[in-house]
Amino acid sequence: MNKVLKGTKTSRWFRELNEPRKWEDFYRRRWQYDKSVRTSHSVNCSGSCSWEVFVKNGMITWELQKTDWPQINDHTPSYEPRGCQRGISSSWYPYSPVRPKFPYVRGVLLNYYRQERKAGKDPVAAWAAIVENPEKSAKYRNARGKAGWRRTSWDEAAEIIAAAKIYTIKQYGPDHLASFSPIPAMSMVSFLSGHRLSNLLGGTMLSFYEWYHDLPHVMPMIWGDQTDVHESADWYQSAYWIVMGSNLPMTRTADAHFASEHKYNGGKLVNLSPDYSDVTKFADLWVPVRPGTDTAFLMACIHVILQEFHVDRRSEYFLDYVGQYTNLPFLVILEEEGDHYGSGRFLRASDLGDYSDEELGEWKFPLFDKNGDLRLPGGSVGFRWEEKTTGRWNLKNEDARTGEAYEPRLTLMDGDYEEVQVEFADFTHTYNVELGTTQLRGNKATPTMRGVPSKVMTLADGSKVRVTTAYDLLLAQYGVRRGLSGDGYPADYDDAERPYTPAWQEQETGVDRNLAIRVAREWADTAEKTQGKCLFITGSGILHWYHGGSLTYRAEAVMGILTGCQGRNGGGFAHYVGTEKIRNFAAIGTIGGAADWGNVGRQQNSTSFFYFHTDQWRYDGMSLDPLWAPRATDMPSRANHSADMNAVAVRNGWLPFFPQFDEKNPLDVMKEARAEGVDSDTAVGEWVAKKFKDRELKFALPNVDAEKNHPKVLWIYRGNLIGTSMRGHEINLKHMLGTHHNVLGGDERAKDMVHEIDWSTEAPLGKLDLIYNVNLRMDSSANYSDIVLPTAHWYEKDDVTCTDLHSFLHPFTPAHDPAWECKHDWEAFRIIAEKISDLAQEHLPEPVEDLVMTALNTDTPDELAQPMGELKDWWKGEVEPVPGKTFPNVKVIERDYTQIHEKYTTLGPEVTKPNGYGAKGIKSDLAEVYEQLKDSYLVGEKSGKPSLHNARQVCETILRMSPESDGELSYQIFKKLEKRTGVPLAHLVEHDREIAYHFPDLISQPRRSLTSPHWSAIETKGRTYSPWTLNIEALKPFHTLTGRQEVYYDHKMFRDLGEDLPTYKPPVDMVCIGDVSADDLKMKGAKLFRFITPHQKWGIHSMFHDSWQMMNMFRGGPTVWINDDDAKEIDVEDNDWVEIFNENGIQVARAVVSHTVPRDMSIVYHQTERHVNVPFSSLARERGATDLRGGNNNATTRIMMNPATMVGGYANWTYWLNYQGTSPSERDCAVLIRKKPPEADGRKVIYQEHEIKLGKG
Amino acid sequence: MRIKKQLSMVFNLDKCLGCQTCTIACKNVWTNREGAEYMFWNNVETKPGVGYPREWENQDKYRGGWKENPGQAQPKLNQASKFWEMINLFYNPVLPQMDEYYGKGPFTFTYEDLHSETPTKYSQPVARPKSQITAEEDIDLTYGVNWEDNAAGTHYEGTGALDYNFKDMSEAAKKALLKFQDSFMMYLPRICNHCLNPACVGSCPSGANYKREEDGVVLIDQDRCRGWRYCVSGCPYKKTYYNWRTGKSEKCILCFPRIETGQPPMCFQACVGRIRYLGPILYDIDRVAEVANAPEDKLVDLQREIILDPFDPEVIQEARRQGISDNWMEACRRSPVFFMVKKWKIALPLHPEFRTLPSLFYIPPESPVKTSHVDNGRNAMDMVDGGTVLPQLKEFRIPIEYLATLLAAGNTDQVETALLRQLAVREFRRLERVEGRIDESVLAQVGLTIQDARHMHRLLALAHFHERF
């Protein structure tokens, strides 16, 4: 080394330029490549990033983010570089050892099938011979998940699948088929494939959004839309963020840069999080609330905001906003209950003599103006669905009858009033926030009395009712002091006894009252000064709690509403879970639902589907008692268990359920109807309803475990249903799949609690005849399937992608053809469609009629089905069963199974009919576009129709069909909509009329979506996307009951739940409802933990979490994070193996001991799957489980359904796939954790079966 | 004055997400091959923690970098003495062992088990852990490149207490910072610093390591390297690695094949937190040795001093005389690094006391305000102080001393200036956007002008691709 040191003093580190440095070419050559393409990834992460993929010697080598995103405007940071650690590792997958490269069938099944075929049976007969043989049937089911693969051809695999489907359709009905694929936005064409096939067959289309618990239930409830949120560039406009339940750097990696950048722009970041999370790192203030108690903190904030900004000082901005854009000025009838009152339904135009001539008066809502005069504003759902529009569906502060302008009166205290005492519900003590300390199965809520100003009104029938405003009820609910009497009002902020003071929240959250006061003041002050630039960024950390989507989210939303933040750039409620926003919404709904062929889809909310079909309902020991308000009488008497409530919901058209008929094939039922001479569709509906009334037809649900009511064929693609999203995974393995499992508890937790479902049927083992999977990884879904079909990697595909987090559309393009025998999903299902059509020639040669029963549907006149927000159950004789009103919709669909392939590959003509095309109830037609598509060189023609033969044709068709990518189409639909709103809208897109994106345009550069009649933001002229700006600025109503933002929910279900107004309910104590056994609680060396499963850093769900790159970025397999003091208690050191368990199953993982995790909480970042580095469990052997390996992080969770998510048939509370419905809420979970005992030979763990010594620890 | 050109870098730690996109971007292109499995030319560590390899900052253990050589013109290598060199020629005791990088080596898994034709009996098959280096299966995983991610295992009884940057703190203070209540966490992304006084070059017995004349990139000539590995021990940042397959050492090359074609390095372009800035600076190489040998408390200021001002007419004239092109000068005037390091003083070198004069500078991160214990529940917290919407310097959770040990050889003033100026820009923008007024005084207090504030805002927040690189 001295030689170098002795060089000349000033340049000793340099090598002179004249010295040859040829060796440097070594690295230059490594960098060289042959070509690159623009493409993306299709994972459920909301990323929708644009990537450049490099190809060298014909092989994909690596990827790097594209940085050419168009700039939205000059004062906002751009989206480059968009893409994260996971995305940049995906070039491993195309050639990875985890990829299935050929079609596979499990050996047991394949042998049976080949034997039958060899014996001369045709495919359908061969399939029948296997599934109808109990021994064979059990054997191949029990082989699920246990390798034993055989390679086969596409032809043979497709034949088995087609045979199983044809058999099922004939034997049980098409409703026994089910398709699962999540999240269209991440790769639209791929998504459409399997569902289009399913819908053409009449199969059940399973939802994913609320099943993933990604649906923010408050969105449809408050704003009447599935979800509509800010693109992340809009966050930058904000001046104050509260981030809760959303770990931005971990899960919104590509968007997280806006966190710091917004701070440099003068913003502040507050973070509510139990642990010191990644986003806490970016916070100015960290509020470490106890897990699951976030609502309490926000309730206190709202208490302070209302007190200081609405009452003590009336902020003009806030009050004007609330008066015009919310339902708070509307009048609520107070129900007399002895010496006091309770909240009731809204007063309707139909209640009053003055408005008796209003069409749909039950759906129009009067209020008082500033002078105390009665007014009837336009904009409510009644104006929306007028038979012949009067053009008054708008948000003008204008009397719809007279056209006079008015200002709404928010509180009756501004005029003459009479104070009465109203009963409110306090749920504080229903469950203890300290897990495992609640007595019995939880406690009932307690009543609390508060004075409310009221007025007596005379109704049309001469009777008198007492009313108040929803705003007055809100202020009373929050205990805002304004001189009214009542024991329920707190003395001051320090009153800890009465909800929802800052001192009260302290007991729940463990956070000092001053923090709540401070955050409230800063938020409101900023919102007032900036006209609403305060933002909630939130996600699954909140949503996945039992009350997350309904109550915590609601508190966030309402805090934003009361401070005028919704519909403002940089303000409001922004929830990010799931890549839910399909900007090309109408096109996707049409093609996926096969609506272009006139299909009515069997849309099924997956949570209920799996709750029942995996038999998790039997394991649900939760009574609904702690959820009801003390004054609730109606709903609790109807059902007091989630399973029962779901059954009630189904029969009244609130929720769907398939298979639909008890032990009957809908094709046969339809034949019966025709045989009985029923002709018209309406008559069929009446016939069905009568059969039900007479108990001659029944729903399958109450007899769900009967063999004929099982789903029979399930296909999964583009998602990992079995591994990742199946809460109650082990229970599912046991009952739905019929294979090994490590469920520890018995299946009778719900016994004696359930009355609507027949308990007598034994819990079946192995319901599905066939489960097949189109996949690019051998993950759990593949592993537990009977057939695996290899799909193209994203770098081998044409497709289109988008997200809610940016406002662009961009493509997938292939770097090379799919390797080995892999195929694009579109092609895979086309091959199956062709096989089905072939087999149908023999088995279903003639068109048949299918009787489809769907739930009452949102954004249709079904919204008016059940007025007054009351349930009248036909089953109990309270009303007559009327399809589409008090009973599900009944539709007759003709199916020609020989034509499935033809229909799959062409765009059907239904879209050319008047109102034959659209979304969200905003309809038009595609007559012109249809002709253009046939002429398009990119699409072309097949049998006189636009061709959908290959994926690229579908890409182009989607773009051409979408107002978001075709300005003229957007303009035309807006023009039509104007007739109903009576306010101008089309001018918003005048500027865009020349714009039409084609697929090659997207390949050259991402293209920004256009302002659309199907969405709620004004995006033109460089505005970042912020939801509801169109509603707030252009006065187009929300798709809700009152047309305004619904703060007060007047449906009876919510009043009985005490959720008519925002409230707080503590997290469920899952110990007291039996998910942790009393014996195990006493186990030495085991400790009770809250079990939290947030999204992870090294994978998107399970994707990427099996690549060696991501595995090396942390500890290479499943881990559980616990606090250092807790670890000490159970003698666990960092990196020790532990067992995590409860009655539902066992997981084995290594402990990550960290002081950044609070005590009593364990975190398993999901989804760590089970196929990488999971050893055998000692406990499973001790307990004699049939599955000896540790489960995944869903081993211990279980589906828990909240009745608040079951309401239907009522304005915006009406079902639509992924819009409404139950969610599994796994976050309240409780587990025990113990150190895993060593193996007999002293090793920490073993992985291989030959090392197992059964019965030993 | 001899003017040299240097491609220089700033990482804004306030913006770092700890996501490792940079790590993978680099890995895929450069070290995804046999012999390089454990090499992470770019890695990101969580602080508190001991990092990769374990305790790399602890030069008592590794003897990397330089030490002050009072009375001499230049510092001396920490590991170099005639005697030491002689006895350790064939066995270098301060080289990190594989265990300090990775237990049994970087891991992969037996993925082929998943496709097996053989059925299993009791459970589904899994891919078992396997060493990428020895191919041993069913191995224990005990350490890795990001083992301490998000403060994993870094509680007081864990590795956290070994964090070098706690060295001047009392046990009680350290203990408190490694408990839930007072915890903090930050990320530290690291690549080769392409130092002005590189210890790896100084240590190489074969003369294989060198700085490129044209851009200052430090390379190891793969033809000349003899695998002595003195660069590995000499680099105090442990950013050179020995390739067991080729028998040569390798290190970050700042993606020179990309730089030569006008593209930023992979890890820079891939940085999704947009924390990375690349730009040329000019410095006076005649003063490097002297500055590297300066007393600790002067190191940061002196390093700034030898960075030349490309707006200074004298510098411009002299640079032109020495043959530096006008385009280079123009680039230096646009260089974000110049502004952040020299003009605004918001970016600081990592462990300047290692005396290698890194060309990579870090903007210290803000952190959530401290909260105090209130005796009304397990996690109850209240603000310690405050009253302003935006935080005050004294409220930050990460102790200034900790950051100063990391980035300023213990000099807290340097860190305070950097943080105060960031805060001032935030406050200025907040007043402008929320209160609707332009307030110069908040800037003047920390020595900034409105023009500075606008420029800082532009670079720290807006900073489009071509502004960052």
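How many bridges join strand S2 (residues 51-56) of chain A to S3(A)? Six bridges join these two strands, which run antiparallel. The model is a predicted one, in which local features need pLDDT of at least 70, side-chain atom pairs count only at pLDDT 80 or more, and totals for chains, interfaces and linings use all residues. Residues are numbered from 1 along each chain as its sequence is written, while chains are lettered from A and ligands numbered from 1 in the order in which they are written.

**A sheet in chain A**
- The strands S1-S2-S3 of chain A, in that order, form an open sheet of three strands with antiparallel pairing, where two strands pair if DSSP finds at least two bridges between them.
- Strand S1 (35-39) and strand S3 (59-65) of chain A are the edge strands, each pairing on one side only, and the twist averages 30° from one strand to the next.
- Within the pairing of S2(A) with S3(A), A:Lys56 has A:Met59 in S3(A) as its bridge partner.

**A helix pair in chain B**
- Helix H15 (residues 400-407) and helix H16 (residues 412-435) of chain B have axes that come within 8 Å and cross at roughly 105°, the axes being lines fitted to C-alpha atoms, for helices over the stretch in contact, with angles from 0 to 180 degrees between N-to-C directions.
- H15(B) and H16(B) are therefore roughly perpendicular to each other, a term that covers angles of 65 to 115 degrees.
- B:Ile400, B:Glu401, B:Leu403, B:Ala404 and B:Leu407 in H15(B) meet B:Thr412, B:Gln414, B:Val415 and B:Glu416 in H16(B), two residues being in contact if their C-beta atoms, placed from the backbone, lie within 7 Å.

- Chain A has 40 helices and 38 strands, whereas chain B has 19 helices and 17 strands; helices (H or I, at least four residues) and strands (E, at least two) are DSSP runs, numbered from the N terminus.
- Buried residues make up 70% of the 1257 residues in chain A and 59% of the 469 residues of chain B, a residue being buried if 20 or more other C-beta atoms, placed from the backbone, lie within 10 Å of its own.
- Among contacts between residues at least 6 apart in sequence, 76% in chain A join residues at least 24 apart, and in chain B the contacts with a separation of 6 or more include 66% between residues 24 or more positions apart.
- The C-alpha trace of chain A spans about 95 × 85 × 70 Å along its principal axes, and the C-alpha atoms of chain B fill a box of roughly 75 × 65 × 45 Å, likewise taken along the principal axes.

Methods: Parallel < 35°, antiparallel > 145°, perpendicular 65-115°, else oblique. Buried ≥ 20, exposed ≤ 12 C-beta atoms within 10 Å, placed from the backbone.
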